[in-house]
Each structure stands twice: as C-alpha cells, then as structure tokens.
Amino acid sequence: MPTEPLSQKEIEDRLRELPGWSLEGARIARSYRLDSHFAATAMVVHIAQIQEELNHHSELTLGYNSVALTVQSHDANAITERDFRLAERVEEIATGHGAN
C-alpha cells in the first residue's frame, strides 16, 4: 500500500524546518559540500546505512567533495512523510561528517 502524498502546503511547511533542502519538481533535494573526497565518501556510506534501515532510498550522488540527494516516494510518485523522515535523518548525521 503506497504512502499518501503530502499537500503542497505540507511540503512547504516541512521544508521550512529543513534549511538547505528545496523542492525540485516532484522531489526534495539537498547538496552538501565537504572537506575532502574521503569525507564525502564516508557520508555516502552513512546515508546508505540509513536508507537500508528505513527501507527508503534516494538518488544519491557522490562528487569529489560533495554529496547530493533527491528524494521521492516512488510507490506514491510524490513526496511523502517517508521522504522527510529520510531527509531529517541525513541532516542529523551531516554535521558529524563536516558537511555544510
């Protein structure tokens, strides 16, 4: 059973609670800059662990010293509460990796 899509207002309200995250089409997105490629890679591995735990996976891009995510609930073809749960968890670990 798919998760229910959030309304546009719910999405906008939730994004105000997540500085740095934005709406990109039908996805929420965030990019992080890190000090090195190794730090970025470590953050990607940590995000992958969180995604496995939540059983919810984003589009995740590793750059030289950057990490980018775009998140959408594919089963709902929309943004849902699950997407924000993942974004919040990523925000919780980002500072520990030196991301900004």
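Which residues touch the most other members of the largest nonpolar core?

**View 1. The largest nonpolar core of the predicted model.** Trp-21, Tyr-32 and Met-43 touch the most other members of this core, which has 25 residues. A nonpolar core is a set of buried Ala, Val, Leu, Ile, Met, Phe, Trp, Tyr and Cys residues joined through side-chain atoms within 4.5 Å, where buried means under 20% relative accessible area (1.4 Å probe, protein chains only). Two or more residues come from each of helix H1 (8-16), strand S2 (27-33), H2, strand S4 (66-71) and H3; helices (H or I, at least four residues) and strands (E, at least two) are DSSP runs, numbered from the N terminus.

**View 2. Surroundings of Tyr-32.** Leaving aside residues up to four places away in sequence, Tyr-32 touches, among others, Trp-21, Met-43, Leu-69, Val-90 and Ala-99. Contact means heavy atoms within 4.5 Å.

**View 3. Packing of helix H2 (residues 37-54) against helix H3 (residues 81-94).** The angle is about 145 degrees and the axes are 10 Å apart; axes are lines fitted to C-alpha atoms over the stretch in contact, and angles run from 0 to 180 degrees between N-to-C directions. Residues of H2 including Met-43, Ile-47 and Leu-54 meet residues of H3 including Leu-86, Val-90 and Ile-93.

**View 4. Ala-48 in helix H2.** Ala-48 is partly exposed, with a relative accessible area of 32%. Its C-alpha lies 16 Å from that of Thr-95, at a sequence separation of 47 residues.

Residues are numbered from 1 along each chain as its sequence is written, and side-chain values use heavy atoms, without hydrogens and water. In this predicted model, local features need pLDDT of at least 70 and side-chain atom pairs count only at pLDDT 80 or more, whereas totals for chains, interfaces and linings use all residues.

Note on methods: Buried < 20%, exposed > 50% of the residue type's maximum accessible area, 1.4 Å probe, protein only.
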